[in-house]
Every structure is written in C-alpha cells, then in structure tokens.
Amino acid sequence: MRALSIIGIALGFFTAVYYFLDSHLDWFYIFSPAELHELSLKAIEAHGNDTAAVVKYIVEDLSAKQPLHVNLDEEWVFNNAGGAMGAMYIIHASITEYLIIFGTAIGTEGHSGRHTADDYFHIIRGTQLAYAPGPGSFSPEIYPQGSVHHLKRGMVKQYKMEEACFALEYARGWIPPMLFFGFADGLSSTLDFPTLWRTAWVTAREMGVNIFRGKF
Ligand SMILES: *[C@@H]1O[C@H](CO)[C@@H](O)[C@H](O)[C@H]1NC(C)=O
C-alpha cells in the first residue's frame with residue numbers, strides 16, 4: 001500500500017512537472033523559425049546553388065550569435081530514417097532543440113516520422129514534395145528552394161526529394177523521443193554500426209556540452 005501511494009505521488013508529481021515544462025518550452029529556445037528562414041534566404045542570395053558555401057554562411061552567422069551552442073565542425077554522417085536515406089551535419093542538439101543540415105545529392109523518399117517536436121525544413125537547395133495533409137489527398141505540397149516546410153508536432157507526411165535537395169532542419173519541442181525514429185532504421189535494417197555509433201556519439205556529445213553550458 002505504502003509503495004503504491006509513493007508511486008502515485010511520484011506519478012502525479014512528474015505529470016505536473018511535464019505539463020508545466022511542456023507549456024513553457026519556449027523558455028528554453030535559443031533559435032527561432034523566423035530568424036532561420038531569413039538567414040537561409042540571405043545565404044541563398046549570397047551563394048545560390050553553391051550549397052557548401054550556403055552551409056558555411058549559415059553556420060558562421062549562427063556561431064557569431066551563439067558561439068557556445070553551435071558546432072562548427074562539419075561531421076557529416078549518413079542517416080536512414082522512415083525509409084529515407086540522406087546525410088546530415090549536426091549544428092546543434094539539446095533537449096528542446098536541434099538544428100542540422102539534412103539532404104541528399106541523388107534524391108530520396110520516406111515517412112516523416114510522428115514527432116514530439118515541431119519541425120521546420122528550410123529548403124536551401126532543390127525541391128521537396130510532401131503527400132499531405134494526409135491520406136486521401138490527391139495533389140502534392142511543393143516546397144522549392146527558399147521555402148519552409150513546417151511539419152507540426154504529432155503530424156505525419158510522406159515526403160520526397162526527387163533529386164539533389166538539402167535543408168536546414170530545425171526541430172523544437174522534446175528532442176530525446178525523436179531519437180528512436182532516428183536510430184530505428186539503422187538498428188533494424190541497415191545495421192550500419194559505424195554510422196550508428198558516430199551519430200550517437202556526436203548527438204550525445206552535443207547534448208552533453210549544451211547541458212553542461214546550461215542549455216536544455
Ligand atoms: C539552382 O538551380 C536550379 C536548377 O538549375 C534553379 O532553378 C535555381 O534557380 C537555382 N537557384 C539559385 C539561387 O541560383
């Protein structure tokens with residue numbers, strides 16, 4: 001009986017803390033969709049389809065504003081998730097936000113995943129298509145270079161990049177639960193352990209460094 005009431009009190013406590021934090025997540029954010037969109041447009045205007053230069057421009061600008069929370073080291077890794085394959089470079093990862101460059105030089109297609117965060121996909125090169133708002137629609141959503149594809153927390157879409165396409169992807173919400181989606185294909189399909197290990201290491205290191213510096 002006593003153990004049960006302790007569990008009950010603990011559950012009640014953590015539920016209250018969760019709802020409180022969940023409604024105040026914006027206290028923890030250091031990036032904003034409006035700022036990232038403006039920055040993406042400026043980078044494209046400056047460097048067009050020289051995507052390496054676009055990426056450099058974006059990261060250097062962010063690093064000047066957030067020197068403690070931006071990873072300047074372009075540690076590219078392959079990523080398989082939701083059946084799609086591409087490569088990514090982790091710019092920032094913390095408990096409530098991540099910022100990466102994601103894309104592929106040849107195209108890919110897959111399931112967006114159903115996430116505990118809002119996802120803003122700033123297209124810096126190429127075009128992304130989405131099958132949305134859901135099953136039963138008959139025309140694609142089209143996101144060209146310079147546009148933002150916002151996948152709302154909890155929603156899912158099928159998406160496709162027909163050819164070379166890269167995006168500055170910004171997620172804000174609860175990041176740790178998203179990692180299951182990020183690792184599931186690697187653990188159940190590709191079994192590419194060196195890539196999984198490298199991805200886990202860079203993600204954990206960035207989250208750790210940010211927590212250590214007081215960014216949750
Ligand atoms: C990038 O290349 C595509 C395809 O050739 C072209 O339509 C687009 O205008 C180019 N973008 C810029 C900013 O030069």
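Q: By class, which kinds of residue make up the shell around the ligand?
A: Sort the residues of the shell by class, then count each class. In this predicted model, the shell around the ligand has one nonpolar residue, three polar residues and no charged residues.

Q: Which residues are around the ligand?
A: They are Ile44, Gly48, Asn49 and Gln145.

Q: How far is an oxygen atom of the ligand from an N or O atom in the side chain of Asn49?
A: A polar contact is a pair of N or O atoms within 3.5 Å, and that is the cut-off to hold the distance against. For the side chain of Asn49, the distance from an N or O atom to an oxygen atom of the ligand is 2.2 Å.

Q: What is the distance between a nitrogen atom of the ligand and an N or O atom in the side chain of Gln145?
A: There the distance is 2.8 Å.

Q: How many helices and strands does the chain have?
A: The chain has five helices and ten strands.

Q: What percentage of the residues of the chain count as buried?
A: Buried means under 20% relative accessible area. By that cut-off, 44% of the 216 residues of the chain are buried.

Q: How many aromatic pairs are there?
A: Rings pair if their centres lie within 6.5 Å. The count for this structure is eight aromatic pairs.

Q: What is the geometry of the pair that Trp76 and Tyr89 form?
A: Read two values: the distance between the ring centres and the angle between the planes. For Trp76 and Tyr89 these are 5.9 Å and 55°, and the pair is tilted. Trp76 lies in the loop between α3 (51–65) and β1 (77–81), and Tyr89 lies in strand β2 (residues 84–93), so the pair ties together parts that are 13 residues apart in sequence.

Q: Which parts of the chain does the pair of Tyr120 and Tyr170 link?
A: Tyr120 is in strand β5 (residues 117–125) and Tyr170 is in strand β10 (residues 165–173), 50 residues apart, and the pair links these distant parts of the chain. The rings are stacked, with 6.1 Å centre to centre and 25° between the planes. Tyr120 and Tyr170 are both buried.

Q: Which residues do ring pairs link into a cluster?
A: Tyr18, Tyr19 and Trp174 form such a cluster.

Q: What kind of peptide bond joins Ala132 and Pro133?
A: Look at the omega angle of the bond. Between Ala132 and Pro133 omega is about 5°, and the peptide bond is cis. Pro133 lies in the loop between β6 (128–131) and β7 (141–143).

Q: What is phi of Leu191?
A: Phi of Leu191 is near 50°, which is a positive value in a residue other than glycine. Leu191 is in the loop between α4 (178–190) and α5 (193–212). With a relative accessible area of 46%, Leu191 is partly exposed.

Q: Where is His92, and is His92 buried or exposed?
A: His92 is in strand β2, and at 0% relative accessibility His92 counts as buried. The C-alpha atoms of His92 and Ser189 are separated by 27 Å, and these residues are 97 apart along the chain.

Q: Where is Ser94 found?
A: Ser94 is in the loop between β2 and β3 (97–104). Ser94 counts as buried, at 0% relative accessibility.

Note on methods. Residues numbered from 1 in each chain as written. Predicted model: local features only at pLDDT ≥ 70, side-chain atom pairs only at ≥ 80, totals over all residues. Heavy atoms only, no water. Phe/Tyr/Trp six-rings, centres within 6.5 Å; stacked < 30°, edge-to-face > 60°. Helix = DSSP H or I, 4+ residues; strand = E, 2+ residues; numbered from the N terminus. Buried < 20%, exposed > 50% of the residue type's maximum accessible area, 1.4 Å probe, protein only. Near = heavy atom within 4 Å. Polar contact = N/O pair within 3.5 Å; in protein donor to acceptor, adjacent residues only side chain to side chain. Nonpolar A, V, L, I, M, F, W, Y, C, P; charged D, E, K, R; others polar.
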